[in-house]
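Subject: Structure handover and notes

Dear colleague,

I am passing on the structure we spoke about, together with my notes on it. Please read the notes alongside the coordinates shown here.

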Amino acid sequence: MAQHTRKGAQFQAVTANRLADGVVVYLTPENGWSESLQHAEVAEGKEAGEALLARGQQFFEPGNLVLDVYLFEVEKTDNGIRASSVRETIRQAGPTVRRDLGKQAELAGVHE
Amino acid sequence: MQLIKNGKFVADEWKHVADDEALPEGAVIVSLQRWQKEQNLLLSRGTPVGVQLKSGEEPSLIAEHLDRLALVALEFPVYRNGRAFSYARLLRERYDYKGEVRAVGAVLRDQFYFLVRCGFDALEVRDEITPEIFAESIGTFTHPYQTSTDGTEPVMSLRQRLAAQARKAG
Amino acid sequence: MYRYDEFDHRLVTERVEQFRGQVARRLSGELSEDEFKPLRLMNGVYLQLHAYMLRIAVPYGTLSSRQLHKLADIARKYDKGYGHFTTRQNLQLNWPALKDIPALLDELASVEMHCIQTSGNCIRNVTSDHYAGAASDEVEDPRIISEIIRQWSTFHPEFSFLPRKFKIAVCATKNDRAAIKVHDIGIQILKNAAGEIGYEVWVGGGLGRTPIIGKKIGDFIRREDLLAYLEATLRVYNMQGRRDNAYKARIKILVHEIGTEEMKRLVEEEFAAVKARGALQLPDAEVERIKTYFAAPAFETLPDATPELDAAIAREPAFADWVKANVTAHRVPGYAIVNVSLKPIGKPPGDATSDQMDAVADIAEKYAFSEIRVAHEQNLCLAHVRKKDLYAVWQALSAADLATANVGLITDQIACPGLDYCNLANARSISVAERISERFADLKLQHEIGRLHINTSGCINACGHHHVGHIGILGVDKKGVEYYQVTLGGAADETATVGDIVGPAFTEAEIVDAVDTIVKTYLDIRKDGEIFLDTYRRVGVQPFKEKLYAAH
């Protein structure tokens with residue numbers, strides 16, 4: 001299972017891929033899975049992060065809705081929630097070499 | 001755990017016996033190490049003896065004893081470890097072994113077809129496996145490309161037969 | 001090309017039925033992901049960064065126009081209107097939904113295509129020379145034995161759960177365009193003094209974490225014995241290959257650990273036993289039957305001199321450029337081999353839109369006997385084009401943005417999907433390739449530089465074949481930042497060589513300048529007639545190292 005969060009990361013969110021179509025989704029406070037990172041629940045601190053992950057994993061087994069559930073580091077900025085790593089930014093928005101594909105059509109300036 | 005032998009669900013007449021366990025009456029399956037240590041004792045009981053080979057224990061190790069073994073069990077420690085497919089074929093095709101070749105351990109139902117083709121005539125399977133599931137798995141592919149142990153005619157020779165028939169008819 | 005008969009058809013449709021059942025059981029939860037994963041992998045379904053990825057098999061890189069049209073349709077219907085041609089001659093779609101895949105497979109089956117064994121620890125696509133049937137010094141069409149091997153390896157009951165994946169490549173010419181020496185098994189087709197066909201067998205080549213050039217274990221395996229020999233080799237590997245560590249489980253590690261001599265001995269022992277049983281002897285009748293599918297198309301008798309071609313070359317410089325780089329000699333007078341570049345400047349290497357696939361399929365139908373080849377360099381190829389049709393072909397390709405005149409030149413790069421798509425990647429590779437191609441876009445400069453292969457991989461798995469690039473670039477992750485390590489002097493052909501690491505990695509901002517420095521150094525020190533690889537082999541890594549790290 002992928003772990004793309006730094007030890008000691010302050011803010012984290014939970015992501016996964018939807019089983020039926022593989023689309024990247026984020027765990028929301030209402031225990032839903034949104035395609036938008038802006039709807040993700042952000043956990044602060046290690047314990048909150050672990051609790052969030054445990055909640056998310058219910059949707060893998062036995063939930064059978066998503067795959068590859070894991071925590072990743074985020075930042076809270078003036079422009080909303082941003083992924084900290086290049087990898088998660090690409091997952092959030094889409095391939096950097098095809099700006100016309102993926103969700104980046106809706107997200108302005110995500111890849112700087 | 002259930003036992004499928006020659007395509008049918010049957011009661012298991014064999015007992016797996018651990019290395020440090022006392023030998024019960026009847027047909028027993030022991031490890032290679034136990035066989036090597038207690039061969040004479042096991043054979044002197046007059047009941048069938050089987051040896052279980054782990055991944056890494058090749059059939060050549062018991063080749064000279066095969067006429068005294070009624071069963072060879074081949075272990076799949078994880079479904080991914082396919083060594084036993086080769087072991088089974090060697091038993092059948094190299095050593096001409098006619099006793100029971102049993103698959104033991106972690107096998108997926110989607111491997112049943114391959115197991116049978118490689119010469120396994122007995123499979124220890126999970127309780128969820130039903131006769132319908134087994135039949136479906138075995139019957140997935142009508143005509144295999146390769147020759148193998150199960151004697152099914154491979155596509156190459158089927159084509160030749162058809163071509164020969166066509167020539168005769170034409 | 002090979003046409004399915006009733007047996008092949010039934011096998012593929014039965015497989016689709018099987019997978020349909022497996023997908024349904026997965027979606028309902030009856031199958032866990034852990035149980036489903038090996039099954040979906042054996043059907044070419046990966047989970048990547050953004051979505052699933054589906055790898056469609058293109059056996060030995062040969063497609064008909066009908067098949068390519070269908071791939072275009074499928075990419076439109078189930079994906080985002082494009083696909084990526086890979087370094088193993090397959091096609092990848094990056095956005096299919098799992099629930100749609102059974103229907104997608106049905107459509108593939110309708111044109112005799114599938115995704116069988118394009119992933120998983122089994123025998124993968126048998127790859128070969130994209131000039132098969134057209135190259136003048138070919139011993140015989142390598143696709144004949146490739147097709148036979150394909151059938152033998154499909155759903156092989158003994159070899160579907162190998163220690164790791166297994167890749168086979170076949171070559172029939174002295175110039176190796178199939179990279180056989182960096183495959184698990186590489187096969188060189190030969191003819192002996194008596195004119196009989198036989199095979200040289202190389203084993204244990206591979207890239208990835210531990211790049212190794214293959215070792216020869218079979219000098220001349222007779223045609224009728226090849227399947228028995230392959231079965232013996234696979235059996236030794238299946239039994240003795242390591243199962244304890246996925247990074248040490250390829251056959252190259254086994255050969256390295258026990259030594260070539262011991263490997264040869266084990267294989268020959270097994271081979272003798274398999275041969276003795278006789279079951280795998282390849283009947284002549286079967287070879288002849290498969291041969292008929294690869295018979296030469298109905299070539300016209302033409303003079304090689306083609307005045308209208310010469311006139312067009314003289315008249316139009318852009319056409320002349322294209323002929324110079326993308327067109328190569330054919331064994332039949334009056335014909336030529338056309339390489340279709342999928343490396344437009346500043347765009348992802350190896351991608352083609354559905355419209356472009358349709359365009360190539362149409363052009364092939366009209367001018368190339370309806371046959372298209374996929375090159376492992378991620379380009380396409382029309383193997384049999386009349387010289388007098390070259391101008392029309394060029395015009396049609398230009399209209400579809402497929403006539404970049406750069407085949408074999410520095411902007412004809414290989415790149416893996418990298419961090420833009422792939423779950424395993426540490427760094428982006430496509431964007432680096434794009435910027436390099438923009439830096440060297442000038443065609444005059446490209447011709448001045450000459451043949452230079454740049455291969456970029458986004459991680460150590462080396463799907464971009466960076467180890468065997470003349471210049472190899474490997475993306476690495478240093479504390480969350482993308483860095484690029486450079487190797488020099490690799491080669492994938494019959495002179496197969498693993499490149500040398502040149503020094504510390506470069507940042508994303510530095511890498512294109514680094515490549516520029518390497519090229520400039522080469523241009524400064526080369527002797528007449530030397531391509532980059534020749535110069536490197538003459539002078540070694542030192543001159544390049546000095547120039548690259550002078551300022552550091």
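The notes below start with conventions and then go through the chains, their interfaces and some local features.

This is a predicted model, in which local features need pLDDT of at least 70 and side-chain atom pairs count only at pLDDT 80 or more, while totals for chains, interfaces and linings use all residues. Residues are numbered from 1 along each chain as its sequence is written, and chains are lettered from A and ligands numbered from 1 in the order in which they are written.

Chains and interfaces

Two pairs of chains are in contact, and of these chains B and C share the most contacts, where two residues count as in contact if their C-beta atoms, placed from the backbone, lie within 7 Å. Chain A and chain B, by comparison, do not touch, and their nearest C-alpha atoms are 18 Å apart.

In the interface between chains B and C, 30 residues of chain C are in contact with 31 residues of chain B. On the chain C side, the elements that give two or more residues are α1 (6-28), α2 (33-41), α5 (142-153), α6 (226-240), α8 (260-277) and α9 (284-293) of chain C, and α1(C) gives the most, with five residues. Helices (H or I, at least four residues) and strands (E, at least two) are here DSSP runs, numbered from the N terminus. By class, that side of chain C has 14 nonpolar, seven polar and nine charged residues, with Ala, Val, Leu, Ile, Met, Phe, Trp, Tyr, Cys and Pro counted as nonpolar, Asp, Glu, Lys and Arg as charged, and the others, Gly among them, as polar.

In the other interface, 22 residues of chain A are in contact with 23 residues of chain C. The elements of chain A that give two or more residues to this side are β5 (66-77) and α2 (86-93), with α2(A) giving the most, four residues, and the side as a whole divides into ten nonpolar, seven polar and five charged residues.

Chain A

Chain A has two helices and six strands, which follow the pattern β-β-β-β-α-β-β-α along the sequence. Of its 112 residues, 38% count as buried, a residue being buried if 20 or more other C-beta atoms lie within 10 Å of its own, exposed if 12 or fewer, and partly exposed in between, again with C-beta atoms placed from the backbone.

Domains

Domain bounds come from an automatic or database domain assignment, which divides chain C into domain 1 (6-110), domain 2 (142-293), domain 3 (307-399) and domain 4 (414-549). The C-alpha centres of domain 2 and domain 4 of chain C lie 31 Å apart, and the contact takes eleven residues from each of these two domains. For chain B the assignment gives domain 1 (2-139) and domain 2 (143-170), and seven residues of domain 1 of chain B are in contact with four residues of domain 2 of chain B.

A sheet in chain C

An open sheet of five strands in chain C has the order β1-β2-β5-β4-β12, with antiparallel pairing, where two strands pair if DSSP finds at least two bridges between them. The edge strands are β1 (45-47) and β12 (351-353) of chain C, each of which pairs on one side only. Within the sheet, β4 (residues 82-85) and β5 (residues 91-93) of chain C pair in the antiparallel sense over two bridges, and Phe85(C) stands opposite Leu91(C) in β5(C).

Leaving aside neighbours within four places in sequence, Leu74(B) is in contact with residues including Leu53(B), Ala84(B) and Tyr87(B).

Pro142(C) has its place in helix α5 of chain C and is buried, with 30 other C-beta atoms within 10 Å. Beyond its neighbours within four places in sequence, Pro142(C) is in contact with several residues, among them Ser128(C), Val170(C) and Ile189(C).

Best regards
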